[in-house]
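Here is a short briefing to read alongside the model. Please keep the sequence and the 3D view open as you go.

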Amino acid sequence: MTIKNKLRTGIGFLFTLALICCGLSIYYLNRLSADAGVILKDNYKTLQYVQNMLTALDSHDGGFNAAQIKLIDRNMLLQQRNVTEVGEQQLTDSASATYQRLKQTGISEPEQKQLRNRLHQHLYGIMKLNMNAISYKNDVANATAKRGTWLVAFLGAFLFLVAFSFAVNFPGYIANPIKELTARIREVSNKNYHQQIHFPADDEFGELGQAFNNMTRKLDEFENSNLASILFEKKRIETIINSMQDAIIGLDEKQIIIFANQVACNLIGMKADQLNGKYAPDIALENDLLRKLLVNDQTKLRIFADNHEGFYSRESLSVNNKDKVIGKVIILKNVTEYQQLDEAKTNFIATISHELKTPISSIKMSLKLLEDERIGDVNAEQRQLISNIDDDTRRLLLITGELLDMAQVETGKLQLNFGSTHPQNIVDYAVKAIKFIADQKQVEIKVKCDESLPKVHADLDKTTWVLINLLSNAIKYSHEKSVVELTVKKHKNDEIEFSVTDHGKGIEEQYLPRLFERYFKVPNATSEQSGTGLGLAIAKDFIEAQAGKISVDSEIGSGSTFYFTLKRAIAAA
């Protein structure tokens, strides 16, 4: 049996025992819960009904008043529906008959007293019967708990012993052969090739031992030749250099190229026989990368090779012999993956921080209004606030979930959920989400969206986020009691255009080309207007990912218009 199968069998056995232990625990817990529920349902409620009737019966001597009759009637009816024990039905019927007789008028006082005593006896009999049943069922539950405790404890102890034995013995089964193999390899590294390993197990270790023995025999045969040592050293150096993932170029003191590994050849775009033994400055005259490596001391380089662009860090090591420089080694380390991860990290932090800002601000604002004593109890306005909080929270969770997707971070591509929707749906969601911000500043949002417009092919959440961002910016840059216009209309080439227009101070023309750059902020903006500089950049990414376009028109003193286009949805055949 192979080591893999042995591991599967052992771990599977432990897993099965753990499942059995958990299953028994769950079974007995359910049994205990069921026993306790029976006591509560069948007996405890009867005790409550009887206690209520006794209380009503003793609360007033003589005839019954209306309150007593109502309370006793209700509890007597509930008791008749909750008969669960042997003999309880007879006592309940007797108590009901006595009570009905007692309610009748014209009964003499001695007979009334006798009937009261008899009703007491019947009710106390019901109470005693149920208390005995509770005691019995409690004993049953305790017995179940004790039996389950012993059984689970026994199985848990057995599982512990098996796991302990596995933990003690199995590491030695794996480690001892590896330890022996490591010792043999150390001997081989010291050129002691007369090494043999004997693993009796018929598994991967046995195969490894046979392969090791064959290797040492071949090495011993090769070591016996006079040329072996020279070839070995040469081959070792070539193997080490060529197996490295970094580009390595070696120069002597006269700048003659001594060696260049395969990675360096691929980056430079020349074969090894075209480089080795050549004067490096001569080749650099016609090779830009080699020229940069020889004359440029910059530590990071962007290199296009093998049809893709990569990032590399440059290191230059001097080779000295008795304080004399006899050569130089240039190393280019591929840091493309780290560069991409760093960019992904930066984009991730910036995106999630900004996308969380709007819904959280809306939630805080709604909560602040809810806490205002002037609103009072929950009314229509407060219910609207609660609804907005719920919508914003849902949208926040959806956006955060997408951003945390590792595939999206690694590839740098947005994950879009395309669908067909009417532009009015996008407009309604965005206006609803931004309404309270607009109301605080007394800004009116005028919407113009014809119902006859065709549907658009878009990601509803991403597009709504963009429209909310544009509306939020428009409100921030608008004066109080002003108007923001939201217009949706047909555009050329089967596209639908969404535009948001404010009547604020406008944006200077020199800043318009940079508005959609990350971290760019319009100078001279107030603290309330200034953001992180990410919103429009993210909006641009969202729209362009949907094959749309986003742009801006602005004039100082007249306000700004931001607009984007989306593709028209293709009607189903």
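This is a predicted model: local features need pLDDT of at least 70, side-chain atom pairs count only at pLDDT 80 or more; totals for chains, interfaces and linings use all residues.

Residues are numbered from 1 along each chain as its sequence is written, and side-chain values use heavy atoms, with hydrogens and water left out.

**Nonpolar cores**

- A nonpolar core here is a set of buried Ala, Val, Leu, Ile, Met, Phe, Trp, Tyr and Cys residues joined through side-chain atoms within 4.5 Å. Buried means under 20% relative accessible area, exposed means over 50%, and partly exposed is in between (1.4 Å probe, protein chains only).
- The largest nonpolar core holds 42 residues, and Val 466, Leu 467, Phe 498, Leu 515 and Phe 564 are those with the most contacts inside it. Helix H15 (residues 460-476) contributes the most to this core, with 8 residues.
- Another core lies apart from that one; it has 22 residues, among them Ala 247, Ile 283, Leu 289 and Ile 303.
- Helices (H or I, at least four residues) and strands (E, at least two) are DSSP runs, numbered from the N terminus.
- Which residues does Leu 467 touch, leaving aside its neighbours within four places in sequence? Leu 467 is in contact (heavy atoms within 4.5 Å) with Ile 426, Val 427, Ala 430, Leu 486, Phe 498, Val 500 and Phe 564.

- Phe 160, Leu 161, Phe 164 and Val 168 make a nonpolar surface patch of about 440 Å². Patches are made of residues with over 30% relative accessible area and no salt bridge, with like charges joined within 9 Å and nonpolar side chains (Val, Leu, Ile, Met, Phe, Trp, Tyr) within 5 Å.
- Accessible areas come from the Shrake-Rupley method with a 1.4 Å probe, and for residues only the protein chains shown count as cover.
- Phe 160 sits in helix H4 (residues 109-189) and is exposed, at a relative accessible area of 54%.

**Salt bridges**

- Side chains of opposite charge can pair when their charged atoms come close. The rule asks for a side-chain nitrogen of Lys or Arg within 4 Å of a carboxyl oxygen of Asp or Glu, and the count by this rule is 7 salt bridges.
- Glu 495 and Lys 567 form one of them, with their closest N and O atoms 3.4 Å apart. Glu 495 lies in strand E10 (residues 495-501) and Lys 567 in strand E12 (residues 559-567), so this pair ties together parts that are 72 residues apart in sequence. Glu 495 is buried at 10% relative accessibility, whereas Lys 567 is partly exposed at 33%.
- Lys 489 pairs with Glu 497, the closest N and O atoms being 3.8 Å apart. Lys 489 is partly exposed, with a relative accessible area of 43%, while Glu 497 is buried, with 10%.
- Lys 540 and Glu 544 meet in a salt bridge at 2.9 Å, N to O. They are 4 residues apart in helix H16 (residues 535-545), and so are separated by about one helical turn. Lys 540 is partly exposed at 27%, and Glu 544 is partly exposed at 41%.

- Is Gln 79 buried or exposed? Gln 79 is buried, at 1% relative accessibility, and lies in helix H2 (residues 66-80).
- The side chains of Gln 79 and Glu 88 are joined by a polar contact of 2.7 Å. Neighbours within four places in sequence aside, the contacts of Gln 79 include Thr 46, Tyr 49, Met 53, Thr 92 and Ile 126.
- Gln 274, in helix H8 (residues 272-275), is partly exposed at 40%. Its side chain reaches the backbone nitrogen of Lys 271 at 2.9 Å.

**Positive phi angles**

- Most residues other than glycine have a negative phi.
- Gln 442 has a positive phi, near 55°. Gln 442 lies in the loop between helix H14 (423-440) and strand E7 (444-449), and is partly exposed at 45%.
- Lys 481 also has a positive phi, near 60°. Lys 481 lies in the loop between H15 and strand E9 (483-491), and is exposed at 65% relative accessibility.

Key
A polar contact is a pair of N or O atoms within 3.5 Å; within protein, one must be able to donate a hydrogen and the other to accept it, and residues adjacent in sequence count only if both atoms are side-chain atoms.
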